[in-house]
Every structure is written in C-alpha cells, then in structure tokens.
Amino acid sequence: MTTEFTHHSALRDAVTKNFEATLQTLTELVAIPSIAWESHDLTQVDRSAEAVAALATKAGFNNVRIERATYTTADGTEKQGMPAVIASRPAAEGYPTILLYAHHDVQPAGDLDLWDTEPFVATRKGDRLYGRGAADDKAGILVHLAALAALNETLGEDFKLGVKLFIEGEEEAGSPSFVSFLNTYREELSADYIVVADSANWRAGVPALTTSLRGVASGDIEVRVGSHAIHSGMFGGPMLDAHTLMAQLIATLHDATGAVAVEGLHRAPEPELEYAEADFRNDSGILDTVPLAGTGSVASRLWTQPAISVIGMDIPSIATSSNTLAVVSRARISTRLAPGDNPENAHRALAEHIKAHAPHGAQANYTAVDSGMPFATEVDADGAQTALDAMRAAWDVEPVQTGMGGSIPFISDLKDVFPQAQILVTGVEDPDTRAHSANESLYIPDFKNAILAEALLLSALGAR
C-alpha cells in the first residue's frame, strides 16, 4: 500500500524556504579540509566535528556530544579513532526510533592541477556545487539536519519519532574504530531504522534506494623466483624475472572474456534493473576501442558478480629502473564480492587459486589484508517501501532499486550490532558527481529533493 504523506505540501514549503541557507551551511562545511589521514592536519577533523555538533544543537537534538573510540591495530597497537558526533531526541512512548548516519571526513584533494575550482571552496556552476565533500558526504549531513529542521518547523510537538544522529569522522580512512565505536555507544545508537546517507542516485533527477552492495576482500600476492637480485644481462633468458611471472599469474584471475576465473567465488541472480552499455561507457569514460569485460548484463557484472582489480604493485618506476632481474614481485588485489558471498570464502578461494597457478615453479602466496561483507536490503519491509514512496513523492518520478558495485563494509557492522534494525541506504551522488576524484560536485536539485524525501520518510515513520 502506498504511503500517504499528510504534510507533503507543508514540508516542501519548509524545505524550499530554508534551502539557500542550507546551501550556505554546506558551503561552510566544505571549507573545512577534514581529511582523517595522519599525513594531513587532523585538527581540521576536530574543527569539522565541532561545526557539525553546533549544527546538530541548532537542529534541536539533545545530548549532542563529540566522542571517540579506541581500537587495536593489526600489530596490536592501541589507537584512538577520529571524532564522531552523536546526538538524540527521544521518541514519544510507543513510537519508533531512527538513526541517521553520514560522515564529516573527506578524501584528500589529490592533484590540484586537475581541479577546475579550489577544492575547499564550494563553487556553484549552474545546477552543480563543486568542492571536496560537497556531495561525499557533507551533503549527507545536511540532508539529515535540514529534513529534521523542516519537520520541527512543520510538526513541532506533533513529531513523535525518536531520532538519533551518528556523524562519523573517519569513513574515508577505512573506519578503523567503527566497530569499537558501535559497541562502546551501542545503547546511544540503537534504533528501529537506520538511514545511511552515503550512496548514489541512479541518474541526476532519478532517485535510488541502494538495495545491494558488493563486499570486499583485498589481499597481497607475492611471487618469488630466487634468493637475491641479479644482473638482467648476465642471467636473463634462462631465468624469468618475478615481475614477468607476476603478470602471468595475474592474467589467470580472468578468462578470455574478462570474467573472473577464480573458482569458488559466488555469483548472485541477475538484477531486474538494466544498465545500458552506452550509459556505462559514458559514466565510466572507458575508451570506445575497449570492449566491456565479462558476460551477463552490465548490471550483473557491476552488482551481482565478483570483480578483481590490481590496485597496487611494488615495482621500480621507469625513472629508477636498472638492469636488475627482480626475484620478488608483490601486488595487491581488490576483490568485490557478490551478495551471498563472504570474505572468508573469498580469501580461501583466492589463496587456493594463487597456489595452483604459480607459473614456472615460482613460489607464490596470497595474504589477506582487508575484508568487508556484502549487503542486501529487505526490500519488502516497511522501511524500504516507505523510503521508496517518499522518493517518489519528492522527485515526482519513479525511484529505482539499484545495486552498487562498490562496498560499504561498515553497513554489515551495523547489521551485526543492531540486527533488529532495518537499514536504508540513500544518497545524493549521481554518475557525474566524481566522488573521490577531482571536480567532485553535487547536483543541487537532487540535494533539495533528498531533503524533502527524508522529511517525508521521517514524518511517515513518526505517524505510526
């Protein structure tokens, strides 16, 4: 049954009235280079947390706090995580509670020569706002806060839904203290519904609820052919260098079509939604001369099939190369897992494949580095259906249930710690956002509609 949004017009008016002020607030957040990497100025992450906390207080939250959690690194070192903002407003008796998640840290700007604008100066060009974090994910923070402001203005004391806020400060750095944080503040964050505003829409102007995410299993391959480096002229020929053999080994990870050839990795059913090849080519920038890899629909290759990418290699650069025959080569691969798979299975399958396909008698081994579970939404649950209805009402177009080729490993952590909660993954990005790249931008009309959609969702849940 389609949800009736009693206060649709009033909420739309409230969002519209405050929208320019919301954009200005977003502009101020973008100006804070909150990069949670130790090679950058971490005081800016503190500054960003303080700014978000002030905005949460202004939005009517109670008990606004900046908190950190300690965690143990792989080598056993105790470290303190980045600052996160948590806040709450209690539910009236008998009403549910919703947790709103986003993150206030951002990616580094990267090569400044690739930017058309200053990365930490929000710059409006037509319907897009450019700047690092303008979409990922400071816009997500403002979706939550602006939606709540519209509800406060429209419903006042009649808004009885409990609302909790969790704005993380280290998502772009891998969320190292995330699980520790959830366990430390389990009671403060517990909720019936969780909205994660850190994903993307289908197209500019077409909203999407992300209903599946691939997991991740990354690891390192090492190939060894000798005990020490030697002269390539004196010994090359009878002996192949480790980099050449690494290339041969990496080539076995895919078949002739480009599909993953590692036995044991799971493939999920074909998605109902089609992703046209022309759209993929336009969105990805792949060369016209390069055929798409794999088999099956484009959507399945992105969302419900595994994918393996080489993301790093230890190899001399051309500038520092010499006539040396390398005896050791190392590469890092990132494997994306289809819903229904798990990292433990993937690491085992990869290790067995590497050992079985070691070329020319070389020693080859695989070491697991990172893991993240895939995720699938309970689409028939009331939360997902209400969210889709809210998007339909806000955009006045049919929303899409989309998969996501990328991974958000912390969502499985949320599910583990709060198994009773329905998790809804939304966002404000679109294929032209270029999150993590130069010239990141936010499509402003979708930002406005996302605020309205969340206000409608919260109003509907708060009417139950």
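A residue counts as buried when its relative accessible area is under 20%, as exposed when over 50%, and as partly exposed in between (1.4 Å probe, protein chains only). By that scale, Arg124 is partly exposed, with a relative accessible area of 45%.

Before going on, a word on the model: it is predicted, so local features need pLDDT of at least 70 and side-chain atom pairs count only at pLDDT 80 or more, while totals for chains, interfaces and linings use all residues. Residues are numbered from 1 along each chain as its sequence is written, and side-chain values use heavy atoms, with hydrogens and water left out.

Now to the charged pairs. Side chains of opposite charge can pair when their charged atoms come close. With a salt bridge defined as a side-chain nitrogen of Lys or Arg within 4 Å of a carboxyl oxygen of Asp or Glu, the structure holds 16 of them.

One of these joins Arg124 to Glu20, with the closest N and O atoms 3.7 Å apart. Arg124 sits in strand β6 (residues 123-125) and Glu20 in helix α1 (residues 8-30), 104 residues apart. Helices (H or I, at least four residues) and strands (E, at least two) are DSSP runs, numbered from the N terminus.

Next, look at Asp430 and Arg128, whose closest N and O atoms are 2.8 Å apart in a salt bridge. Asp430 lies in the loop between β19 (422-429) and β20 (441-443) and Arg128 in strand β7 (residues 128-130), so this pair ties together parts 302 residues apart in sequence. Both Asp430 and Arg128 are buried.

Arg392 and Glu398 also meet in a salt bridge, at 2.9 Å from N to O. Here Arg392 is partly exposed at 28% relative accessible area, whereas Glu398 is exposed at 52%.
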